[in-house]
Amino acid sequence: MAPKPQENIPVIGDRFREANEATSTNPTEAGQPQGGFVNRVFESDEKPSAIDLQKREKDNDTVKGTKITDFDELLPHVGEFGLFQKILFLCMIPFAFFVSFVYFSQIFITLVPDEHWCQVHELQHLEIGKRLHLSVPKVKGEDGNFVYSKCEMYDVNYTQILEEGISEPDPTWPITACRHGWEYNFTDVPYETAATQFNWVCENAALPSVAQSIFFLGAIAGGLIFGWAADRFGRIPALVSCNLMGFIGGVSTAYVTNFLEFSLCRFLVGFAFDNCFTMMYILVLEYVGPKWRTFVANMSIAIFFTMGSCALPWIAYYLADWKIFIIVTSVPLAFTILTPLVVPESARWLVSQGKIDKAIRIMKKFEKINKTDVPPQVYQDFTDSCAKLQEEEAKADSYSVLDLFKTPRLRKITILLVVIWMAISLVFDGHVRNVGSLGLDIFFTFTVAAATEFPADTLLTLTLDRWGRRWLACGTMVMSGLFSLAATAVPMGAYSATLAILGRFSVNISYNIGLQYAAELLPTVVRAQGVAFIHIMGYVASIVAPFVVYLANIDTTLPLIVLGIVGIIGGVLSLFLPETLNHELPQTLADGEDFGRGQRIWDFPCCEKKLDEADKQIEHFKRASTNVRTKSIRGSIRGEIRSSIIQRSSVRSRTDLGAP
């Protein structure tokens with residue numbers, strides 16, 4: 001939104017006129033949007049005086065003389081966060097649970113107990129101690145002590161051994177791999193899982209990691225398909241469809257008989273990942289005023305997603321059956337078919353499709369529930385503006401993500417964003433899946449690690465607009481890396497788990513910064529496509545994460561070492577990006593190429609000399625004379641770019657910027 005006029009605006013009137021004279025392009029001719037303070041100034045051929053500037057800006061807050069030109073200007077009349085928006089906010093709860101179920105359920109259906117040994121049918125009548133002593137050789141463990149081998153057995157005739165009454169193994173007996181399956185100690189994992197049922201251990205221990213990577217392949221495909229569907233058919237159809245896909249894939253998982261079938265089902269479940277929540281997330285944010293989007297975006301994740309994540313391991317623990325667990329966590333997704341009865345279609349999307357009358361009917365329902373009174377002229381002005389905007393869109397130049405690589409500085413920024421986001425995604429997903437290798441009860445450890453999302457989001461909300469993006473991203477990533485490395489230098493158990501969880505807490509902050517940072521650095525004209533591309537590259541990194549965690553089968557410290565090094569590298573690379581705090585965001589490709597020139601690597605927003613209000617007004621005034629229609633609203637971006645699907649689903653409607 002345009003900056004508020006200051007009380008001393010007559011004093012700085014001459015400075016505004018100087019800024020106006022310095023502008024050589026007529027914004028209205030160049031396709032400048034008709035919706036902001038500067039745009040209304042340019043509607044007249046005469047240069048406005050300071051008093052005119054003040055009067056016209058104040059008129060924005062009144063109905064008389066107002067031209068409601070975009071959705072964000074209409075919302076204050078209907079209610080930016082009224083009763084209906086609060087109802088929609090609460091409606092996000094089940095969808096936040098769904099995404100945690102979809103994302104994390106495979107962890108608990110592929111758990112493998114720490115203790116498992118080759119099964120010997122001839123010795124099953126013996127107690128476990130005697131059975132293991134006679135059939136399984138001992139090997140040196142990581143702590144230096146000798147333990148029973150998990151993947152080998154003595155290659156002898158056990159029937160003959162029993163007949164001869166042999167009770168002590170001979171070290172010279174030949175050794176072979178397990179022939180007849182495995183037996184498991186279900187003390188730490190109190191139920192049979194898919195991995196134990198199908199014996200995905202030893203030479204097959206990598207299969208759950210492969211299945212998880214296939215899940216992320218499904219997430220890439222689903223993101224593209226349902227992102228397109230959200231723009232083509234609307235948010236509600238896409239939301240319902242992707243949740244039903246997750247329901248079908250999840251329930252089918254309980255009936256698989258082999259790894260191929262399991263992988264196919266996880267691929268289908270991957271279609272729902274992210275989409276099953278963020279479609280609803282987008283829709284709610286599109287109905288919330290800019291000043292409330294930060295709260296809705298961060299708190300919906302911090303509270304609802306955290307609650308679902310913390311509850312999930314205990315659902316698995318108390319059901320104690322992986323098939324029942326996957327059904328119980330998948331069936332609720334089918335109830336999204338009731339969503340259209342409660343949640344309206346996105347009015348912003350309807351406007352982008354030319355269905356302005358339907359959008360206004362929805363806003364009138366909001367008006368009634370929120371108990372506001374909107375004059376008919378406000379809706380009429382909005383209708384006229386939308387019609388004009390569609391005409392301008394038809395004439396607008398089209399851009400693609402390839403334009404980000406045509407100029408040197410913008411290319412460098414884009415490549416850095418891709419690499420940094422891939423590092424963040426790898427470290428985040430690696431920490432999520434490495435909880436089983438920390439030497440503590442996985443159910444408790446996962447709950448504590450998941451709970452770090454709440455303080456991380458809260459701390460981010462309090463500091464991001466004060467400390468800036470660059471140094472906060474660097475600091476949290478480097479801290480994540482240092483905590484991960486430190487966890488390898490202390491004894492396995494409570495100490496290492498605590499440090500690893502602190503690493504997870506730090507990367508949670510980095511993850512949320514990364515989503516916003518890319519949206520602020522890329523120019524408006526390619527922002528949606530650019531951030532979608534960057535996020536998909538993050539999925540590619542997530543495909544690798546299960547194999548990083550699999551390194552724990554070689555050495556339990558290897559995953560944390562890899563995550564630590566990658567985190568530090570990603571954090572240091574963040575310092576080579578421009579800072580966006582207190583800067584007008586790039587709109588054109590030229591803006592993107594010039595953005596950040598003159599910034600130094602050691603610049604820190606808290607230490608910078610603040611511009612006075614007159615300088616801020618002049619900077620905004622000059623920047624508004626560019627040839628871009630859409631307005632860059634930092635607060636809007638912070639709320640609406642919190643998830644990848646926001647960008648993917650807003651290539652046409654530009655909902656990531658709160659544009660109509």
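Is C310 buried or exposed? C310 counts as buried, because its relative accessibility is 17%. Buried means under 20% relative accessible area, exposed means over 50%, and partly exposed lies in between (1.4 Å probe, protein chains only). Some notes on the rest of the structure follow.

1. **What you are looking at.** This is a predicted model, in which local features need pLDDT of at least 70, side-chain atom pairs count only at pLDDT 80 or more, and totals for chains, interfaces and linings use all residues. Residues are numbered from 1 along each chain as its sequence is written, and side-chain values use heavy atoms, with hydrogens and water left out.

2. **The overall make-up.** The protein has 29 helices and six strands. Helices (H or I, at least four residues) and strands (E, at least two) are DSSP runs, numbered from the N terminus. Of the 660 residues, 57% count as buried. Now take the contacts with a separation of 6 or more: residues 24 or more positions apart account for 80% of them. Contact means heavy atoms within 4.5 Å.

3. **An enclosed helix.** Look at helix 12, residues 275-285. Eleven of its eleven residues are buried, so helix 12 is largely enclosed by the rest of the structure. Among the buried residues are N275, C276, F277 and T278. Others on that list include Y281, I282 and L285.

4. **A helix pair.** Two packed helices are described by the angle between their axes and the distance between the axes. Helix 19 (residues 408-433) packs with helix 25 (residues 558-574) at about 150 degrees, and their axes are 9 Å apart. Axes are lines fitted to C-alpha atoms, for helices over the stretch in contact, and angles run from 0 to 180 degrees between N-to-C directions. Helix 19 and helix 25 are therefore roughly antiparallel. The cut-offs are under 35 degrees for roughly parallel, over 145 for roughly antiparallel, 65 to 115 for roughly perpendicular, and oblique for the rest. The crossing of the two helices is left-handed, that is, the near helix is turned anticlockwise from the far one by less than a right angle.

5. **What meets in that pair.** On the helix 19 side, the residues include L416, V419, I420 and A423. They meet a set in helix 25 that includes L560, L563, V566 and G567. The contact residues of this pair divide into ten nonpolar, five polar and no charged. Here Ala, Val, Leu, Ile, Met, Phe, Trp, Tyr, Cys and Pro count as nonpolar, Asp, Glu, Lys and Arg as charged, and the others, Gly among them, as polar.

6. **The disulfides.** A disulfide is a covalent bond between the sulfur atoms of two cysteines. The search used a cut-off: a pair of cysteine sulfur atoms within 2.5 Å. It finds two disulfides in the whole structure. Counting bonded cysteines along the chain, the pattern is 1-3, 2-4.

7. **C118 with C178.** The sulfur atoms of C118 and C178 are 1.7 Å apart. C118 lies in strand 1 (residues 116-118) and C178 in the loop between strand 5 (175-177) and strand 6 (182-184), so the pair ties together parts 60 residues apart in sequence. The link is left-handed, with -70 degrees about the S-S bond. C118 and C178 are both buried.

8. **C151 with C202.** In this disulfide, S to S is 2.0 Å. C151 sits in the loop between strand 3 (146-148) and strand 4 (152-154), and C202 in the loop between helix 8 (194-197) and helix 9 (207-232), 51 residues apart. The link is left-handed, at -95 degrees about the S-S bond. C151 is partly exposed because its relative accessible area is 31%. C202 is buried, at 16%.

9. **Positive phi values.** A320 is not a glycine, yet its phi is positive, near 55 degrees. A320 is in the loop between helix 13 (290-319) and helix 14 (322-330). At 35% relative accessibility, A320 counts as partly exposed. K371 is not a glycine either, and has a positive phi of about 60 degrees. K371 lies in the loop between helix 17 (356-370) and helix 18 (376-395). At 77% relative accessibility, K371 counts as exposed.

10. **A proline in a loop.** P174 is in the loop between helix 7 (158-164) and strand 5. P174 is partly exposed, at 45% relative accessible area. P174 and V156 are 18 residues apart in sequence and 7.2 Å apart in space, C-alpha to C-alpha. Leaving out residues up to four places away in sequence, P174 touches M153, Y154, D155 and V156.
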